[in-house]
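Work through the exercises below with the sequence and the model side by side. Each task is followed by a solution in steps.

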Amino acid sequence: MSKVDEKMETTVYRNVRVPMRDGITLSADIYRPKQDGEFPAIVVRTPYLKTTQAIFETGTYFAEHGYAVVYMDVRGRGDSDGVFVPYRNDGIDGYDAIEWAAEQRWCTGAVGTMGGSYLGRIQWLTALTKPPHLTAMISAVTPSDPFVEWPTGLPNTQHICWTYMTSERVMQNIDVIDWEQVYYHLPFVSMDEAAGFSSPQWREEVNHTELDEYWKHICYQDKFHRIDVPVLHISGWYDDEQIGTPLNFMGMTNNGETEHARSNQKMLIGPWPHQINRSTTLGDVKFGPGAVIDLNGYQRRWFDHWLKGSENQIMAEAPVKLFIMGDNAWREEQEWPLARTDWTRYYLHSNGKANSRFGDGKLTATPPETGSCGKDEYEYDPDNPVPFITDMVSHQIGGPDDYRAVERRDDVLVYTTEPLAEEMEVTGPVKAEIFASSDATDTDFMVKLLDVRPNGVAQRLTDGMVRARFREGMEKQQLMVPGTVYKFTVDCWNTSHVFEKGHRIRVEIASSAFPKYDRNLNTGDVLGQTTEMKTAEQTVYHGETYPSAIILPVIPREQRR
């Protein structure tokens, strides 16, 4: 073993009190090499308690390699003082924690931050406060701004599970509650009561149904121009908050405060769910032995370069590393989206009976014929929503699930290509443009992209939705005029997948995906406050006048590498 790889003996200083500017103290466990000296610091702030086995293992790993790792319970959680109000205090508390660490006798003054999900988002809120000693970040599976993931005006339905889990100082047992029954509860605003607890936080969030000042206070994705930090962005194609990572990478490379920030971004996306890098298999899909990597080692190389000045060539490597599902191989790229993308429209066609997978819906790359005009109709009943396949708890929402059973329903429109004559790679953002009308003043339209195998399995790849009243953005609600045809642009997030020869591409359209999204009650009333619902008559149009299509980021066969 070379000297640079030798592991140092470590020690842990537990429940160290770290003062904040308002006088309260937060609790931190500090993992350090035993030997005296100054070390770069890594600050990790969590609402999920700093005493877990995974934290012990990660803290020990980085301490063994010459770092002082500060694992801290956020305000109001675990052993920290104060009241937990998600995200509201995390920017300034993060600033104070970083500057406190930089001033300690065991710190060189170089400080990095890392963590995923909640721990990822609060790094961005902290970066906006510009701590002088913040040197680099690793932001994983990071939530976006309000309503980017859930453009409904209401919290994600399963967010009530997370709200309960973090409602007191210690983790609450979410396995003792019948969450499916809770998710069906109306009115939406009192779902906390249905789960058996009281949450003023939940009710306040439900009462702010537009992107108003309440939400803008915790936005960061409109402020990349104020951030000057190198960031390693990490996610998985089946991460249920995946949309944030490519947005953040693009936002920083295009808008970071300085060239230093813009040119020092890296993105890594694997075939993973929200709990990244845990398994080579997801559902029934096997991604091969390369699906799990030495992620700690990669993250250490990032920090070694930025916090220790190591010339380890990590910045000479391509800025983007992607796992190409289907090929089951990693590939390096220079940008996102890929410059060689062939944005290809696949158009909806039918003879008016695209209902269910037994219907006549077709999907082709051939534009509609001159003068063609078609439509498909279905009823959307909020009391009988289309299921979204997922566990009921909030740890992971969906995966590469088989939707054949769901596609038996007549309130699901199904459009499918002929079997592919050759394999086709789709890597990048997926969007749909759907022309539709309703007899309701407000309703939803969901779009899902699937890979249909020769044996009929319909594997979900990615999906998205639009709530009609927010079709022009989340800052202003505009109800529909019943019977009027509107063009809806649906962000279906991102994927990287090779459709094999003989497989078929499929698009589903529905008006619910429950419980991933709350049920639109179709009344146009104030969101979250009512119990009245109505069945909506929905029409999706296609043809020359209304060329409904999904837009796929196809990577030309001759340019795959």
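**Exercise 1. A residue in a loop**

In which loop is the place of Tyr87? Find its phi and its burial as well.

Solution. The model is predicted, and the steps below read from it.
- Step 1: Tyr87 sits in the loop between β4 (68–73) and α2 (90–103).
- Step 2: Tyr87 is not a glycine, yet its phi is positive, about 75°.
- Step 3: Most residues other than glycine have a negative phi.
- Step 4: The relative accessible area of Tyr87 is 14%, so Tyr87 is buried, the cut-off being under 20%.

**Exercise 2. Another positive phi**

Locate Asn522, then state whether Asn522 is buried or exposed.

Solution. 
- Step 1: Asn522 belongs to the loop between β21 and β22.
- Step 2: Its phi is near 70°, a positive value in a residue other than glycine.
- Step 3: With a relative accessible area of 1%, Asn522 is buried.

**Exercise 3. Cis peptide bonds**

Describe the peptide bond from Leu186 to Pro187 and the one that joins Phe514 and Pro515.

Solution. 
- Step 1: Between Leu186 and Pro187 the bond is cis, and omega is near 0°.
- Step 2: Pro187 is placed in the loop between α5 (179–183) and α6 (191–194).
- Step 3: Phe514 and Pro515 are also joined by a cis peptide bond, with omega of about 15°.
- Step 4: Pro515 lies in the loop between β21 (504–510) and β22 (536–543), and Asn522 is found in the loop between β21 and β22 too.
- Step 5: For context, most peptide bonds are trans.

**Exercise 4. Helix α11**

How many residues of α11 are buried, and how far does the helix reach?

Solution. 
- Step 1: α11 covers residues 295–308, which makes 14 residues.
- Step 2: From its first C-alpha to its last, α11 reaches 19 Å, close to the 20 Å expected at 1.5 Å a residue.
- Step 3: The helix is mostly covered, with 11 of its 14 residues buried.
- Step 4: Among the buried residues of α11 are Tyr298, Arg300, Trp302, Phe303, Asp304 and Trp306.
- Step 5: Just after α11 comes Gly309, with a positive phi of about 75°.

**Exercise 5. An annotated span**

Which residues does UniProt list for "domain: Xaa-Pro dipeptidyl-peptidase C-terminal"? Give the helix and strand content of the span.

Solution. 
- Step 1: The UniProt entry, which is unreviewed, lists residues 300–551 under this name.
- Step 2: In the model, residues 300–551 are 4% helix and 39% strand.
- Step 3: The end C-alpha atoms of the span lie 38 Å apart.

**Exercise 6. Cavities**

How many cavities of 30 Å³ or more are found in the whole structure?

Solution. 
- Step 1: The search finds 4 such cavities.
- Step 2: The largest cavity has a volume of about 170 Å³.
- Step 3: Its lining holds 21 residues, and Leu154, Asp518, Arg519, Leu521 and Gly528 lie nearest its centre.
- Step 4: By class, the lining of the largest cavity has 8 nonpolar, 7 polar and 6 charged residues.
- Step 5: Domain 2 (155–208) and domain 3 (342–555) each give at least three residues to the lining of the largest cavity.
- Step 6: The second largest cavity has a volume of about 100 Å³ and is lined by 15 residues, with Trp237, Asp239, Arg460, Trp493 and Lys516 nearest its centre.
- Step 7: β19 gives the largest share of the lining of the second largest cavity, 4 residues.
- Step 8: The lining of the second largest cavity divides into 5 nonpolar, 5 polar and 5 charged residues.

**Exercise 7. The second largest pocket**

Why does the second largest pocket lie between domain 1 and domain 3?

Solution. 
- Step 1: The second largest pocket holds about 400 Å³ of space.
- Step 2: Of its 21 lining residues, Phe147, Val148, Pro151, Met474 and Asp491 are closest to its centre.
- Step 3: Domain 1 (10–154 + 209–333) and domain 3 (342–555) both give residues to this lining, so the pocket lies between them.
- Step 4: β20 supplies the largest share of the pocket lining, 4 residues.
- Step 5: The pocket lining counts 13 nonpolar, 3 polar and 5 charged residues.

Key: Residues numbered from 1 in each chain as written. Predicted model: local features only at pLDDT ≥ 70, side-chain atom pairs only at ≥ 80, totals over all residues. Heavy atoms only, no water. 1 Å grid on protein atoms, 1.4 Å probe; cavity = no way out; pocket = protein on both sides within 12 Å on 5 of 7 lines; lining within 4 Å. Points joined across faces, edges and corners; volume = space filled by probe spheres on them. Nonpolar A, V, L, I, M, F, W, Y, C, P; charged D, E, K, R; others polar. Domains from an automatic or database assignment. Helix = DSSP H or I, 4+ residues; strand = E, 2+ residues; numbered from the N terminus. UniProt positions renumbered as here; feature names shortened; annotations may be inferred. Expected span 1.5 Å × (residues − 1). Buried < 20%, exposed > 50% of the residue type's maximum accessible area, 1.4 Å probe, protein only.
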